[in-house]
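Here are a few notes to read alongside the model.

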Amino acid sequence: MRILHVITTLYTGGAEKLMVDLLPRMKAAGHYVELCVFDGTHTPFYAQLEKAGIRIHWLHKDGSVYNPLNIFYLWRLMRKGWDIVHTHNTAPQLFAAFGGVLCSVVLVTTEHNTSNRRRDWKWYAWIDRWMYRQYKKVICISDQAANNHCRYIGEKDSQNVCTIYNGIDYNKYAVAVPAKDVKSLGKKIITNVAGFRYQKDQPTLIKAMQYLPDDFHLCLVGDGERRTEFETLIKDLNLAQRVHLLGLRSDVPEILSASDYVVMCSHFEGLSLASLEGMSSGKPFLADNVDGLREIVEGHGILFEHEDAKGFADAVLRLDGNKAYCEQIVKQCQKKAVNYDISVMAGKYLDVYEKLIG
């Protein structure tokens, strides 16, 4: 099969990380796979895909991913004989739907979250319904994501929905060697891996450092439009020596291995790859109690209440003071994470493609 995936950027994020893990496996299975990125800024994920032999098309560098000209650029690429065009994120979903009206191609998309901001715009619902009708298959990455999507879009327009759980390369995280530069930052390291954007809630983690002893350090791996906001909060709380913005890194398994605790803090999730990777790392994993995190963490890792900085700090201190409890949480997390293997996911995606093209 000739397969084109389309995504907005290759900055830090679950959908972006999925491209890094999924596309080389599809290529190794004997398929011709390329990627279109709206914003072609070079990042560690971009470099990893190039190294894996995945050809990357980009429409521009910087600028808005919602530029209407992207419809024309994407349509030109979509015309080039693909069996499947698979989109991720809002702008590619919408623009590929327009492009699909003008050329004959099988469209597939993935819903990566349990919620999104445009569902709050009642005037936008008819556009979404039209858009999703252009897709032969809408793949949701968790049961909660599928339930929320179907409730939003309506039963009539939900016949093309299925669920395929996200996957990770478990062994890469379970046996990683600790990153020396991270290990040297402080006695006890708490790490969060996430883009600096609205969906994530790094401010709660930063505020939590006020309730933890000075030998605890927080590492935020990622970047994005909220970086200046985070820098200001860190400065205002006098935490510059204990909160470290590590930027975009390609050695996330090694960073997690160098950490003492791994956390995901969000307002909502789909099925968080970063969380599954954290649960694989051999470190205690904590997350706030929201859709998309609750369903994979509950009964395995530690849940704290949404936006509860002190509750998170208290949960860390309970782990830190009880070695047996800490080891129990690690075992439970790894037992859960090992079930989400990326190879299983890749096979299910390819099965969907093959059925659609008959």
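Predicted model: local features only at pLDDT ≥ 70, side-chain atom pairs only at ≥ 80, totals over all residues.

1. Residues are numbered from 1 along each chain as its sequence is written, and side-chain values use heavy atoms, with hydrogens and water left out.

2. Do look at His5, which sits in strand E1 (residues 2–7); strands are DSSP E runs of at least two residues and helices H or I runs of at least four, numbered from the N terminus. His5 counts as buried because its relative accessibility is 0% (buried means under 20% relative accessible area, with a 1.4 Å probe and protein chains only). Beyond its neighbours within four places in sequence, the contacts of His5 include Met19, Leu35, His86 and Tyr353 (contact means heavy atoms within 4.5 Å).

3. Next comes helix H2 (residues 44–51), where Phe45, Tyr46 and Leu49 are buried. Seen down the axis of H2, these buried residues fall within an arc of 105°, so they line one face of the helix (the arc is that of the directions from the helix axis to the C-beta atoms). They pack against helix H1 (14–28), strand E2 (32–39) and strand E3 (55–60). After H2 comes Gly53, with a positive phi near 85°.

4. Finally, which residues of H4 meet H5? Gln93, Leu94, Ala97, Phe98 and Val101 in H4 meet Ile127, Trp130, Met131 and Tyr132 in H5.

Methods:
Buried < 20%, exposed > 50% of the residue type's maximum accessible area, 1.4 Å probe, protein only.
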